[in-house]
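Dear colleague,

Please find below the structure that I am handing over to you. My notes on what was found in it follow directly after.

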Amino acid sequence: MRRTPTLFFAASRCARLSCTRRRYSEPIVRITNGTFYRRHPASKLEHDAAPNPPLFPDLSLSLPSFATPNQHWAILSPSSNIRTAFLQILRGQLLCFPPTARSFPYLLTEEINSKNPKLRFPERAIEYVGFDVERKPFGGAYLSARYESRVEETDFTLAHYLTGIVGMNPGEEVIKEKTPEPDVMRKVVRDLELERFLEKPVSTLSNGQSRRARIGKALLMRPEVLCLDAPFIGLDPFVSQHISQVLHRLAEANAPRIVLSLRPQDVIPPWITHVVYAGEDGKVDALGPKEEVFQYLKREYEEIEISMSARAGKGHELDSKLVELREVGRHLSERGDFEAYSAQVSKLSCDGYEKLDKTSPKIREPIVEMEGVRVKYGTNSVLGDWQQDVDGSEKDGLWWTVRRGERWGIFGANGSGKTTLLSLVTSDHPQTYSAPVKIFQRSRLPAPGVPGITIFDIQSRMGHSSPEVHALFPKNLSIRRSLESTWSDTPITKPRLDAEASNRVEACLKWFEAELNPTLKDGETSSGNLAWASHFMFGELSFSAQRVLLFLRATISNPDIVILDEAFSGMDDLVRDKCLLFLSRGESMELHYTNAGPSPVESSIAKKGKVVVPGLQEHQAFLCVSHSRQEVPGCIREWVCLPEPGIGQPRFGRFDGPVEFGYERWNEIWDWPER
Ligand SMILES: Nc1ncnc2c1ncn2[C@@H]1O[C@H](COP(=O)(O)OP(=O)(O)OP(=O)(O)O)[C@@H](O)[C@H]1O
């Protein structure tokens, strides 16, 4: 904030510098001093309407259609809303002021007209693939549907999905228009390693597989530019690297040009040449060749660190812009994008665990027991196709026990069966009836003298958030009702609330008002009135806020088992850290961003002895799936890494502290050499 005017100058100069150095034809997108809005700035605001701040004020940017050498752009921002807005702006969305500030000169050339006249329209020539809609196009009317081995005749396969021919009785013309050339189809499918899944119904694809499918579908539209919004979220490290190489090849051939949006914690692909850095306030702080933007971020980061050490020990709180720049700098320097002086090293993880955790929680009776589990669809084995060493002897299938008090991380490549494994715990998987699985020491089917356990019994004792739950969660429940649905059998049935439950709901709404209330402006504090929570619907919230709500719904009642499957993916950085701390400490601690780094401290509510929602308790077991080191809660101690089907057996391990500190623990999971 303090440096905006000069930076804008620097930013536009950056862009100009890079332009004059390169030789290229008409830009594909040109923006000259444009400012953008979601709604018309003169439109009258209702008192409960979401704020409508100017976005990227006075932005000047030119994306060349051809350049020598090639330019490959990415937007880097800690805010998912800002990243998405930027990509949308590139394809002509959002209102531009003045309207003439944005143009698409290359799309109006004869070259494009003769190639395909439809490409003259930016929204057709510039495709966008966002992953916030995640599993929606992949169907499934209810959670278990994904795990059924026989699917409806009408379920369309990946091959259908890729071509877009998904109607019941497509006419010949539709088929002709949509069928891609066989060579193009073969190449896209091979590049994205989708061959094996072509005849599978899309509803059965894993999250990583469905992401690749969405990228493939967009490529088959043969756009001039493909904007990929945070494409590496949810991809395992190996697939991320592979996809990045594929994207590089495409971008080098300008077929299509690729623009990425990246979170600060994402590995920035080495082939990206130009970066736009925009803060959460929607202002571009720097833009231009990657090295110049990194130099700028490094300078900012070091300046903050130096001024911190000068004030060391005084416990100053940082303003939000500095917190943001510091976190971004920390990610980049930690990952080796630049080397920077760092004054402080945090002693605690952001959720309050020491690097070497010496506490020894009480571990009690087993509550999940799997003794030789194997899941197959037809002849395809997706989990447990191995022999495992169990107490010194080799046994078939997955043997795994989770006890009360344990905190498990479940890792593995995309498609290795993590979600399938969890669906056996939640009992959403139809094979839970036949598999050797006991939940709360009981099987699903009755045995002589022992009744089976019902799905309602099981699910009332569990909290579960996952991309699958997100996709099926009703969008027309109010924020308050969404939280209250923790206490009902299904999200749409009436919750059974007692005073304790209502207090917990209110406490969470107050604690997370900044993240959940769409009318609260940046920096504003709560008025204490929670009417907004009954007014706004789940579907009206941003993707990140929806994830927060589902995370709270899974944890708020301190159920016997909490399952978070990629629950933090898609949350903005600072929001994720707040949720991680809440998971372990509830209302008893809050995160302060001081000169000693992010530091969890006792909250004012705890000081008054008024904590209503505590963090994870000893009676609870916790299971978590994540592909990103930053999203692994600090409490995780036990871990399992599942192999890809047909490749070996799972590896098990135990941490002596949070994964957040250093890469050694993370590398151990993936069996990578030290780096
Ligand atoms: N109903 C089904 N029929 C056939 N195959 C299925 C079905 N459901 C899942 N699969 C396959 O089982 C494998 C494991 O899927 P799962 O979703 O458990 O993987 P995952 O480890 O959670 O992957 P990701 O990290 O991508 O989310 C995948 O190859 C998936 O395509």
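**Helices on the open sheet**

Helix 12 (residues 418–426) lies across strand 17 (407–412), strand 19, strand 20 (561–565), strand 23 (621–625) and strand 24, and runs at about 155° to strand 20. Helices (H or I, at least four residues) and strands (E, at least two) are DSSP runs numbered from the N terminus. Axes are lines fitted to C-alpha atoms, for helices over the stretch in contact, and angles run from 0 to 180 degrees between N-to-C directions. Two residues are in contact if their C-beta atoms, placed from the backbone, lie within 7 Å.

Please note that this is a predicted model, in which local features need pLDDT of at least 70, side-chain atom pairs count only at pLDDT 80 or more, and totals for chains, interfaces and linings use all residues. Residues are numbered from 1 along each chain as its sequence is written.

The open sheet has six strands in the order 19-20-23-17-24-25, with mixed pairing; two strands pair if DSSP finds at least two bridges between them. At its edges stand strand 19 (462–465) and strand 25 (651–654), each of which pairs on one side only. From one strand to the next, the twist averages 15°. Strand 24 (residues 638–642) and strand 25 run antiparallel and are joined by four bridges; Cys641 has Arg651 of strand 25 as its bridge partner. Helix 19 (residues 543–555) also packs on the sheet, where it touches strand 19 and strand 20, and its direction makes about 165° with that of strand 19.

Strand 8 (residues 257–262) is mostly covered, with six of its six residues buried. A residue is buried if 20 or more other C-beta atoms lie within 10 Å of its own, exposed if 12 or fewer, and partly exposed in between, with C-beta atoms placed from the backbone. In a regular strand the side chains alternate between the two faces of the sheet. In strand 8, Arg257, Val259 and Ser261 point one way, while Ile258, Leu260 and Leu262 point the other way, and all are buried.

Strand 8 runs parallel to strand 3 (residues 73–76), to which four bridges join it, and Trp73 has Val259 as its bridge partner. Strand 7 (residues 225–229) is likewise parallel to strand 8, through five bridges, with Val225 opposite Arg257.

Strand 2 (residues 55–64) has seven of its 10 residues buried and is therefore largely enclosed by the rest of the structure. Strand 1 (residues 27–37) pairs with strand 2 in the antiparallel sense over six bridges, and Pro27 stands opposite Pro64.

Among the buried residues are Arg83, Phe86 and Gln88. Gly92, whose phi is positive, near 85°, follows helix 2.

How do helix 7 and helix 8 pack, and at what angle? Helix 7 (residues 182–191) and helix 8 (residues 207–220) pack at about 155°, with their axes 10 Å apart. They are therefore roughly antiparallel to each other, a term that applies to angles over 145 degrees, whereas those under 35 count as roughly parallel, 65 to 115 as roughly perpendicular and the rest as oblique. Val184, Met185, Val188 and Val189 of helix 7 make the contact with Gly216, Leu219 and Leu220 of helix 8. These residues divide into six nonpolar, one polar and no charged; Ala, Val, Leu, Ile, Met, Phe, Trp, Tyr, Cys and Pro count as nonpolar, Asp, Glu, Lys and Arg as charged, and the others, Gly among them, as polar.

With kind regards
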